[in-house]
Amino acid sequence: MAYSAQLQRLLTRIESIPDAIREDLKPVVVKSAEELAGLQRHLAEASRDTGALIDSIEVTPPGGTTPAYSQPGGSRTAHELEAIVTVGDHVVRYPHLVEYGTAEAAAQPFFWPAVRLLQNRINNRTNRAAAKAVRKHWSE
């Protein structure tokens, strides 16, 4: 299945979630993104030169727009139940070179290792919050 088809299917499912439940999930989504960005900043300390890379790690909250030169993906608007963690901006355009390395420099991964380390924790937190919100608002 194409990425755009998967995304469209997910967005359709999100649209069917009642508003009260969505509002209860937004803080959990942002908290998870902030935790992920914090771990990425911590892991990026190993490659610290000027600190610009670390400073470019940013959380875009639901409804916000990511920086134009951020990775992965460049500028886009976050859906109402999506917080996006990006790295890079108009000055810092080399995060992929740090993450994957070059012919002259070894890779110093910080972005994807943090995602892999926190993936289960974030999924569990989101599932617990969704279950709690459904129980809370089920009879409304």
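In this predicted model, the count of salt bridges comes to seven. Side chains of opposite charge can pair when their charged atoms come close. One of these pairs is formed by the side chains of Asp19 and Arg22, whose nitrogen-to-oxygen distance is 3.5 Å. Both residues belong to helix H2, which covers residues 19-44, and because they are three residues apart there, about one helical turn separates them.

Glu80 has a relative accessibility of 25%, and so it counts as partly exposed.

A further salt bridge joins the side chains of Glu35 and Arg125, at 2.7 Å from N to O. Here too the pair links distant parts of the chain, with Glu35 in helix H2 and Arg125 in helix H5 (residues 111-137), 90 residues apart. Arg125 counts as buried, because its relative accessibility is 11% and the limit for that class is under 20%. As for shared partners, Asp19, Arg22 and Glu80 are joined by their salt bridges into one network.

From these pairs we can turn to the pockets. How much space lies in the largest pocket? The largest pocket holds about 1,400 Å³, and 35 residues line it, with Leu10, Leu81, Glu82, Ala83 and Ile122 lying nearest its centre. Two or more residues of this lining come from each of helix H1 (3-15), H2, E2 and H5. Of these elements, H5 gives the most, contributing ten residues to the lining of the largest pocket. Sorted by class, the lining of the largest pocket is made up of 22 nonpolar residues, ten polar residues and three charged residues.

The second largest pocket has a volume of about 180 Å³. It is lined by 15 residues, and those closest to its centre are Ser47, Asp49, Leu53, Tyr94 and Val98. Helix H3 (52-55) and helix H4 (95-100) each supply at least two residues of this lining, and H3 gives the most, with three. By class, the lining of the second largest pocket consists of nine nonpolar, four polar and two charged residues.

The last stop is Thr60, which has its place in strand E1. Is Thr60 buried or exposed? Thr60 is buried, since its relative accessible area is 2%. When residues up to four places away in sequence are left out, Thr60 touches Thr65, Thr66, Pro67, Ala78, Glu82, Ala83 and Ile84. Two of the residues in that list, Glu82 and Ala83, are also among those that lie nearest the centre of the largest pocket.

Notes. Residues are numbered from 1 along each chain as its sequence is written. This is a predicted model: local features need pLDDT of at least 70, side-chain atom pairs count only at pLDDT 80 or more; totals for chains, interfaces and linings use all residues. Side-chain values use heavy atoms; hydrogens and water are left out. A salt bridge is a side-chain nitrogen of Lys or Arg within 4 Å of a carboxyl oxygen of Asp or Glu. Helices (H or I, at least four residues) and strands (E, at least two) are DSSP runs, numbered from the N terminus. Buried means under 20% relative accessible area, exposed over 50%, partly exposed in between (1.4 Å probe, protein chains only). On a 1 Å grid over the protein atoms alone, a cavity is a set of points where a 1.4 Å probe fits but cannot get out, and a pocket is an open set with protein on both sides within 12 Å along at least five of seven lines; lining residues have an atom within 4 Å of a point. Grid points are joined across faces, edges and corners, and a volume is the space filled by probe spheres set on the points. Ala, Val, Leu, Ile, Met, Phe, Trp, Tyr, Cys and Pro count as nonpolar, Asp, Glu, Lys and Arg as charged, and the others, Gly among them, as polar. Contact means heavy atoms within 4.5 Å.
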